[in-house]
Amino acid sequence: MSKIMYLITGDLPISRQLKILKRLMPLGIDYLQYRNKSADQKMAYNEALQYKVLCDLYGTHLIINDCVEVAKAVNASGVHLGEKDASIETALETLGQTRIVGRTAKTVEQAKLAESLGARYIGVGAFYPSKTKKEALPMTKATLIEIRDAVTLPIFAIGGLTPDNITPDIIDYVDGFAFSNAIWYAERPEEVLQSFKMF
């Protein structure tokens, strides 16, 4: 079974990212997470709307990082919550029970709790150093296996992933790959995406 492709927006100008996305979307992006920590709510709303146009066109789930209010305002598919963000219960109450709520999980306990509260997927990592989250703690193979055994939710590997550093230890225990800079700073982003799809 092919892996799920989960792309996270980067820090390039939005015009540049949209231009790249227009080439990538026809190749198959399952989830696009809008993430811009420097944007205020108005800017986030305006940018997220632009991504939503492309997502709707190609049947891609638009996920908003952190901000439940923006996810609701743009009618996104859902929201991704970190350890310090709103609760899963609050997100589902605000967005509706059919919306997708993803959660970061770094321990078995966090993963099991996320599943019990209604999360639809978990992001597990970081597997490698990442410019996106410099403070992220590394994920060990043992913890990944424990999480895989503990939950039935889809697991997305995250953290510095490139087609060159994905190992069997990762491939065997996850349902998809979440990536960002590997795409945005690539000379040929289409080829990078196709390489991710080879696993």
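This is a predicted model: local features need pLDDT of at least 70, side-chain atom pairs count only at pLDDT 80 or more; totals for chains, interfaces and linings use all residues.
User: Hi! Which residues of α9 are buried?
Analyst: Helix α9 spans residues 189–196, and its buried residues are Pro189, Val192, Leu193 and Phe196. They lie on the same side of α9, because they cover an arc of only 100° around the axis.

User: Nice. What do they pack against?
Analyst: The buried residues of α9 pack against β1 (4–8), α1 (14–24), β8 (176–179) and α8 (181–184).

User: Let's stay with α1. At what angle do the axes of α1 and α9 cross?
Analyst: They cross at roughly 50°, and the axes come within 10 Å. The two helices are therefore oblique to each other. The crossing of α1 past α9 is right-handed.

User: And which residues meet there?
Analyst: From α1 you have Ile20, Arg23 and Leu24, and they meet Pro189, Glu190 and Leu193 of α9.

User: New topic: backbone. Which peptide bond is cis?
Analyst: The one from Gly125 to Ala126, with omega near 10°. Ala126 sits in the loop between β6 (121–124) and α6 (141–150).

User: What about phi at Asp66 and Asn75, positive or negative?
Analyst: Positive, though neither is a glycine: about 75° for Asp66 and about 60° for Asn75. Asp66 is in the loop between β3 (61–65) and α3 (68–73), while Asn75 is in the loop between α3 and β4 (78–81).

User: How accessible is Asn75?
Analyst: Asn75 has a relative accessible area of 43%, so it counts as partly exposed.

User: Last one: how many aromatic pairs are there?
Analyst: The count is 10 aromatic pairs. Ring pairs also join Tyr6, Tyr31, Tyr121 and Phe156 in a cluster.

Note on methods: Residues are numbered from 1 along each chain as its sequence is written. Side-chain values use heavy atoms; hydrogens and water are left out. Rings of Phe, Tyr and Trp (its six-membered ring) pair if their centres lie within 6.5 Å; planes under 30 degrees apart count as stacked, over 60 as edge-to-face and the rest as tilted. Buried means under 20% relative accessible area, exposed over 50%, partly exposed in between (1.4 Å probe, protein chains only). Helices (H or I, at least four residues) and strands (E, at least two) are DSSP runs, numbered from the N terminus. The arc is that of the directions from the helix axis to the C-beta atoms. Contact means heavy atoms within 4.5 Å. Axes are lines fitted to C-alpha atoms, for helices over the stretch in contact, and angles run from 0 to 180 degrees between N-to-C directions. Angles under 35 degrees count as roughly parallel, over 145 as roughly antiparallel, 65 to 115 as roughly perpendicular and the rest as oblique. A crossing is left-handed if the near helix is turned anticlockwise from the far one by less than a right angle, and right-handed if clockwise.
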